[in-house]
Each structure stands twice: as C-alpha cells, then as structure tokens.
Amino acid sequence: MTERIVVVGFGPVAARLIDELLPAVRSGLVHLTVVGEEAEAAYNRVLVADLGVGRTTAGALALADAAALVADGVDVRLGVRVRRVDRARQRVLLGDGSSPGYDRLVFATGSRPVIPNLTGLNPDPAAPVLPAGVTALRDLADASALQAAVAGGKRVVVLGGGVLGLETALAAAEEGATVTVVHNGPHPLGRNIDRGGGAVLAASLRNCGVRVAGNARSVAVETGDDGGFTALLLDDGSAIDGELLVLSCGVRPRTELAEGCGLSTAAGILVDHRLRAHHEPHIFAIGDCAEVRCPDPDCLACRSARGPAGLVGPGWRQAEWLAGYLTLLASRSDAEAEAVPPLPAEQPSVLVLKARGLTMAVAGDVSAEPWDEEALTAGAVGGRARLQVAQWSDPEHGRYVKMTTRAGVLEGLVAVGMPRTGAELVQLFERGAELPADRSLLLRLDGPDQAPSTAADPERTVCRCAGVSGTAIAAAVTGGCGTVAEVSRETRAGTGCGGCHEDIKGLIERHYQGAGV
C-alpha cells in the first residue's frame, strides 16, 4: 500500500526532503504532495540580498523544478494556502477547496520576518502591512525593491545589526547605494560578539562605506505624500532619511497551523529526537519551524536545548535524516525504522560574515574578558580547568582576534579582518582540537610573509551548510566540474549561505594550476 506523505511548505528545507524522498516516489512506495504558499518553487532565501544587488539571478537561486517534480510523480500545489489541518480525519484543508489526505504530515513552514512595532507599520504577524519603500527582504518581490534602490543609487536604511542585515548593507553600499545600518546596542551583532570585536566590526563597516547608527531606538516610520518611506524616526527626536527601509530584525517560526490543530509549541513546533510532534506519531516538523525538545523530563540533552537554529544547514540535515526514516516507515519496516539512531544533536553553530573587504567569524561563548576573574573561574570546579582568554586587537587596520579556551580547547572565538586565522580557529573549534601553546602562531597566518595556503586539510568542511568536505569538492573538480555552479550541482556545496563560494573557487583554481592549464 502506498504511503501518503504531505509536506506543508516549499522552502529550501522542504526541497531537500522532497529530493531525498524521490526514489521512494518513483518506486511507488510513497505518494508525495507538497503545498507551497508562494507561486514559485523553492529558492534560496539566504541569497535574496545578492539578487537584490544584482550579483546573482533568480534562476541561480532555484532549489527545485516544479515541472520536473510533477514528471516524477510528485503532486505539487503552488500558490495555495493551507487553511487548517484536520488531525482526526488526517486531512489538510487548502484554500482552493481541496483536502488531500495523509498518512504522514511534515510541517516545513519555516519562519517569517519579525516586523518591529513602530508607528506607521502594521506588525500583524499573519498579514503585516508595510508602506511602499519598506521591505523585509524575504522573497523575490522584496529583492526587486532593493534592486531598484541600488540601481538608482538611492539611500537605503537597514534596521537591524544581524549578519543578514550587515551583508545586505555591505553589498548595497559597494554597488552604489548610500547605506545606513541602524541598531539598538553599542555595536552590531550584540547577541553574538564581544565588545572589542563589535567595536572593530563597526569601524570596519564604516571603512567599507556603510554608515552605522548604534544605540539607536527606532520609534516610527515617516512616509511622504505618496505614502512611500522617507525616514526612520528615533526616540531622541532625530531622523535617518532614506528611500528604502530594509527590516532585518530577525525571524519567528511559523507555528500557527500547528497551534491551530492542537500541537504543542514553544518557540517552534515541539518535536522529539525523531522529529515527531509531541504525542502525535503521524506528524513531523523540520527546519526553522521545528524545535527539538523531547517530552522526556529526564533527557539531559533537552534541558539546555534552545529554539530552532534558524540556519539552513541544520534544516537540511533534519530533512535528510527524516527522508530515510519516512521511507522505512512507508515500507512497513516499523521495527527497522525504530532501530535507526535518532537525529544527532547539532554542534554549536559558527557565525560567518564574508563580504568584499570584510570577514568575520564568531562561535561559542566569547563574553569573558581577559581580566574578568569571576567569569574565568566560573565552572572551574571538581578539577575542571578555568577559562583562559587570549586577545589581540589592531583597530586601525580593522583586525581583532579573541580565543576563549578551557584546557587549551576553544570554547569561543572571534576573528574580524583575519580570514586565515579565523578559518583555522573555526576548524579547531569544530574538531574540538587543542590550540598551540603559543597562540601568536595563529595570528601569523594573516601576516604579510604568509603565502596563500595550498596544504589545507583536504577533509576540512568547506561548505558547512551542506556538510561538504574539500575532498568531495576536489573529486567533483577532477571529474570535470570547472565552475562554482557546476560544483554546486554535483555536491550541493555552496547552495546555502554562499559564504564558501570563494573557497570553492580557490579549489577549482588550484586544480587547474596543478594541471598546468
């Protein structure tokens, strides 16, 4: 008997799940229905800003081909809204009046941008009303608004100091727009980076042509006679003029459908370590909308669990794991499916900003300062080593490094303007490897006497989003891939945040240099 699987949502994570389920669809084991609210099939939202500044095309962002999926037997419903889920009858009621049934239902509804509560904006999460010239830069239509502003050399105001907001600001400024980043707090990335790194980051943004307004609390949006955005008003009475306001205030998981059918939610839809909704074996959730926190009160891993990761890499890994699990369930191998190890816990995430003229990497806890004795000794009990902090700063040249270690192993890192040192620290952090006793050896990686490294560990993870190693990329290049796009099609490397594109390009160039081409 064919298993009916319905996927609600058609973003990047849903696209990966569908791709992994295709063999089961082709064999007749699974009948797959995917419901997407947008008229377009899945595309890479992380790179919408690149589309907005003209650095990529809509075609390059595509992650799925609806026509090809239909040809493979997938029931694709685009531009259709889900009204509600009828758990009792195991049916999904759609806005077009149809109601496909399911044996297994997967929520991949993702997240929506947070609309700040400012005078002049309607922050209704279900249907925000934004004036002309205000965008959350979430979809292809938003990219068109940014593209028009950049092409006209207009004034762009970015509200929010997160990574996506900063990358948008840097790209828009380089392409000719006049850009101001407005954020609340002493420096950008206030939740992730320490004071020293934040100060150097803010100075580096200014050196790249981006104006930075820190410690600024926004209160209202001002519009002109035509109803379009003209200024962002601050609580001190000042105003920041502009013709386009980009809201980059974070995202919030879309859980309303799950709540409407009685599922347990917190920040996201609560699921166990097999991505099953609490007390509902027929429903699963993955990606930005899913919060892995099992109902077992004795589970140590879940006591310190946070909400959804908000990154595409963890969502893709969930999709790949769930596809295998659902395939086993569809083959009626319940015992075999339950024998599959649960989804492995995600490792601490690494925050990377890569722009022309500015690089940054942040990971772990970097709050402790070198002379903060209370913070350094906290947790140093029962023979556990105390924290140590090594810190180096060169604000004039936009360079800063901080290494927080315990027994020589990194617990946190910051690297601004030090790309090679940052890359090495990230590798050491992800491997849990011990740092050299002389920390200055790491700083020398970015010294003027250091040639570009050609002996990097081939097994290192080049694309963290898709989990692709240098060895896999090198194999693809050896097999004939000569561009980043070709490598991406072959390995999936570079299809997430895009931060590894330069690394992939470097591997391609080294291959052809070695071949004497």
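Biologist: Why are helices α15 and α16 called roughly perpendicular to each other?

Modeller: In this predicted model, the axes of α15 (residues 470-478) and α16 (residues 484-491) come within 10 Å and cross at roughly 115 degrees. Angles under 35 degrees count as roughly parallel, over 145 as roughly antiparallel, 65 to 115 as roughly perpendicular and the rest as oblique, and α15 and α16 are therefore roughly perpendicular. Local features here need pLDDT of at least 70 and side-chain atom pairs count only at pLDDT 80 or more, while totals for chains, interfaces and linings use all residues. Residues are numbered from 1 along each chain as its sequence is written, and side-chain values use heavy atoms, with hydrogens and water left out.

Biologist: Which residues of α15 and α16 meet?

Modeller: With contact taken as heavy atoms within 4.5 Å, A472, I473, A476 and V477 in α15 meet V487, E490 and T491 in α16.

Biologist: What makes T255 count as buried?

Modeller: T255, which is found in the loop between β16 (251-253) and α8 (256-260), has a relative accessibility of 8%. Buried means under 20% relative accessible area, exposed over 50% and partly exposed in between, with a 1.4 Å probe and protein chains only, so T255 counts as buried. Leaving aside neighbours within four places in sequence, T255 is in contact with T265, A267, G268, I269 and C289.

Biologist: Why is α10 described as largely enclosed by the rest of the structure?

Modeller: Of the 19 residues of α10, 15 are buried, so this helix is largely enclosed by the rest of the structure. Just after α10, R332 takes a positive phi of about 65 degrees.

Terms used: Axes are lines fitted to C-alpha atoms, for helices over the stretch in contact, and angles run from 0 to 180 degrees between N-to-C directions. Helices (H or I, at least four residues) and strands (E, at least two) are DSSP runs, numbered from the N terminus.
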